[in-house]
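The entries below follow the order in which I looked them up.

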Amino acid sequence: MSPLLLRAQNQSSAASAGQKQIESGQYSAAATALKGAVAANPKDAAAQYWLGRAYYEQKNFQASADALEKATTLEPKNSHYHHWLGRAYGELADKQHSFSLARKVKHEFDTAVQLDPNNLQARRDLQQFNE
């Protein structure tokens with residue numbers, strides 16, 4: 001079973017609905033619904049994660065990083081959360097020409113790979129970052 005399907009089984013209905021909207025390209029609708037979900041339950045790590053993903057797809061990288069930081073705080077052992085936080089930091093680092101954010105990118109990619117060596121996307125992103 002794919003990691004996305006496994007995560008979907010273990011997340012709130014709000015997070016699952018947001019995930020489906022994101023997968024169908026409805027990023028704005030997903031962000032709106034997920035903002036309500038995290039307002040109602042700020043400790044819903046999956047909803048924070050999918051909110052971060054919705055913002056990422058809308059190229060709102062600061063809001064994406066903010067939501068993904070919350071997700072990684074709530075579930076620090078989730079490789080996918082760290083991986084996407086690294087991606088959001090990467091976009092911000094490129095935009096702001098920030099070395100401190102670049103260090104955060106590496107840290108998040110390293111953490112994602114350490115938590116799940118089978119997370120191939122995180123491994124590829126880490127390798128690309130190191131090149």
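I count Ala, Val, Leu, Ile, Met, Phe, Trp, Tyr, Cys and Pro as nonpolar, Asp, Glu, Lys and Arg as charged, and the others, Gly among them, as polar. The model is predicted: local features need pLDDT of at least 70, side-chain atom pairs count only at pLDDT 80 or more, and totals for chains, interfaces and linings use all residues. Residues are numbered from 1 along each chain as its sequence is written, and side-chain values use heavy atoms, with hydrogens and water left out.

Entry 1, pocket. I took a pocket as an open set of points on a 1 Å grid over the protein atoms alone, where a 1.4 Å probe fits, with protein on both sides within 12 Å along at least five of seven lines; lining residues have an atom within 4 Å of a point. The largest pocket holds about 250 Å³ of space, the volume being that filled by probe spheres set on the points. I find 13 residues in its lining, with Gly 90, Asp 94, Val 105, Phe 109 and Phe 129 nearest the centre. Helices H6 (79-96), H7 (99-115) and H8 (120-130) each give two or more residues to this lining; helices are DSSP runs (H or I, at least four residues), numbered from the N terminus. H6 supplies the largest share, 6 residues. The lining has 6 nonpolar, 3 polar and 4 charged residues.

The axes of H5 (residues 61-74) and H6 come within 9 Å and cross at roughly 150°; axes are lines fitted to C-alpha atoms over the stretch in contact, with angles from 0 to 180 degrees between N-to-C directions. H5 and H6 are therefore roughly antiparallel (over 145 degrees). Their contact (heavy atoms within 4.5 Å) includes Leu 68 of H5 and Trp 84 of H6. By class, this contact has 10 nonpolar, 5 polar and 2 charged residues.

The axes of H2 (residues 13-23) and H3 (residues 27-40) come within 8 Å and cross at roughly 165°. H2 and H3 are therefore also roughly antiparallel. Among the residues in contact are Gly 18 of H2 and Ala 33 of H3. I note 9 nonpolar, 2 polar and no charged residues there.

Note on methods
Angles under 35 degrees count as roughly parallel, over 145 as roughly antiparallel, 65 to 115 as roughly perpendicular and the rest as oblique.
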